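Work through the exercises below with the sequence and the coordinates at hand. Each task is followed by a solution that goes step by step.

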Amino acid sequence: MNFHVVIPARLASTRLPGKVLREIAGRPMVEHVCRAASASSAASVIVATDSAEIAASVERAGARAVMTRADHSCGSDRIAELVAGAQWSADDIVVNVQADEPMMPPALIDQVAQALLDDPGAAMATAATPIETAEDFSNPNIVKVVAAKGRALYFSRAPIPYHRDSGNAAFEGAARRHLGIYAYRVGALRTFAATAPGFLEQHESLEQLRAFEIGLPIALVDAVALPGPGVDTEADLAIVAQRMQRS
């Protein structure tokens, strides 16, 4: 496999300002993400950031950082700016690994890249895992995905698919949780970034819905390995620190 990992990292964060520079087990969070990405089969790992402070931290750790604008609405748009200046072909594959996922399994990074190689008609690829509880199914912070024949059909914060006969009272464990990792073909990413967010993306605040609005097919795989908790709050940070200490 030949693909690149780009980690979009911004300093501003509503719930936990500066979170990607917060230390976990003696290292900034973004360094843990870089280490996980470097353990994958990626040909290169680059942090795309709007912060000189983040760039300096990444480079001190021996990784590569590229400065990007501060006004991007989502990580995919930030990656697209970096890709615009890179000498990559339209068929090259880029994997978006989020900077607040310090426990991202390298095997999952490889899997979503491989999914695009295995499905030449797909523009993007991502991963999912079964939802195991009714509480998670109803939680709007857990993004659900409906798929058929290896392709995503829709993503939503709402509990989908809807069970008509029970009004979703009978949770049967058939729903799937979307995991926030994406692989793109470079040409598709350029198209994505050149298109303004549409109604669905703005309504649900899910950037992947832009792909549906412009006709980009998304391959979906069942994750071979699950990431640890992402970090959005102080409580999340403490949980991840405890898990890393035990591992």
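**Exercise 1.** Identify the residue of β10 that is the bridge partner of Asn96, then describe the strands that pair with β10.

*Solution.* In strand β10, Asn96 has Tyr182 as its bridge partner. The model is a predicted one, in which local features need pLDDT of at least 70 and side-chain atom pairs count only at pLDDT 80 or more, whereas totals for chains, interfaces and linings use all residues. Residues are numbered from 1 along each chain as its sequence is written, and side-chain values use heavy atoms, with hydrogens and water left out.

Helices (H or I, at least four residues) and strands (E, at least two) are DSSP runs, numbered from the N terminus, and two strands pair if DSSP finds at least two bridges between them. Strand β6 (residues 93-96) runs antiparallel to β10 and is joined to β10 by 4 bridges. Strand β7 (residues 124-130) is also antiparallel to β10, with 7 bridges, and here Met124 has Tyr184 as its bridge partner. Strand β8 (residues 144-148) is joined to β10 by 2 bridges, again antiparallel, and Val145 stands opposite Arg176 of β10. As for burial (buried means under 20% relative accessible area, exposed over 50%, partly exposed in between, with a 1.4 Å probe and protein chains only), 7 of the 10 residues of β10 (residues 176-185) are buried.

**Exercise 2.** Determine which residues of helix α2 are buried, and which are exposed on the other side.

*Solution.* Begin with the buried set of α2 (residues 52-60), which consists of Ile54, Ala55, Ser57 and Val58. Seen down the helix axis, these buried residues line one face of α2, because they fall within an arc of 165 degrees, the arc being that of the directions from the helix axis to the C-beta atoms. An α-helix has 3.6 residues a turn, so residues three or four places apart point the same way. Ala52, Glu53 and Arg60 are exposed on the other side of α2.

Next, consider what the buried residues of α2 pack against, where contact means heavy atoms within 4.5 Å: the elements are β1 (3-9), β3 (27-28), α1 (29-38), β4 (44-49) and β5 (64-67). Finally, inspect the ends: at the start of α2 a side-chain oxygen of Ser51 reaches to within 3.2 Å of the backbone nitrogen of Glu53, and just after α2 Gly62 takes a positive phi of about 90 degrees.

**Exercise 3.** How many residues does the largest nonpolar core have, and which of them have the most contacts inside it?

*Solution.* A nonpolar core is a set of buried Ala, Val, Leu, Ile, Met, Phe, Trp, Tyr and Cys residues joined through side-chain atoms within 4.5 Å. The largest one has 36 residues, and those with the most contacts inside it are Val5, Ile7, Val47, Val95, Val97 and Ile109. Helix α4 (residues 106-118) gives the largest share of this core, 6 residues. A second, separate core has 30 residues, among them Ala48, Trp88, Val94 and Leu206.

**Exercise 4.** Locate Ala225 and state which residues Ala225 touches.

*Solution.* Ala225 lies in the loop between β11 (218-222) and α9 (234-246), and is partly exposed, with a relative accessible area of 21%. If residues up to four places away in sequence are not counted, Ala225 touches Pro105 and Leu108. The C-alpha atoms of Ala225 and Val45, 180 residues apart along the chain, are separated by 20 Å.

Definitions and conventions:
A polar contact is a pair of N or O atoms within 3.5 Å; within protein, one must be able to donate a hydrogen and the other to accept it, and residues adjacent in sequence count only if both atoms are side-chain atoms.
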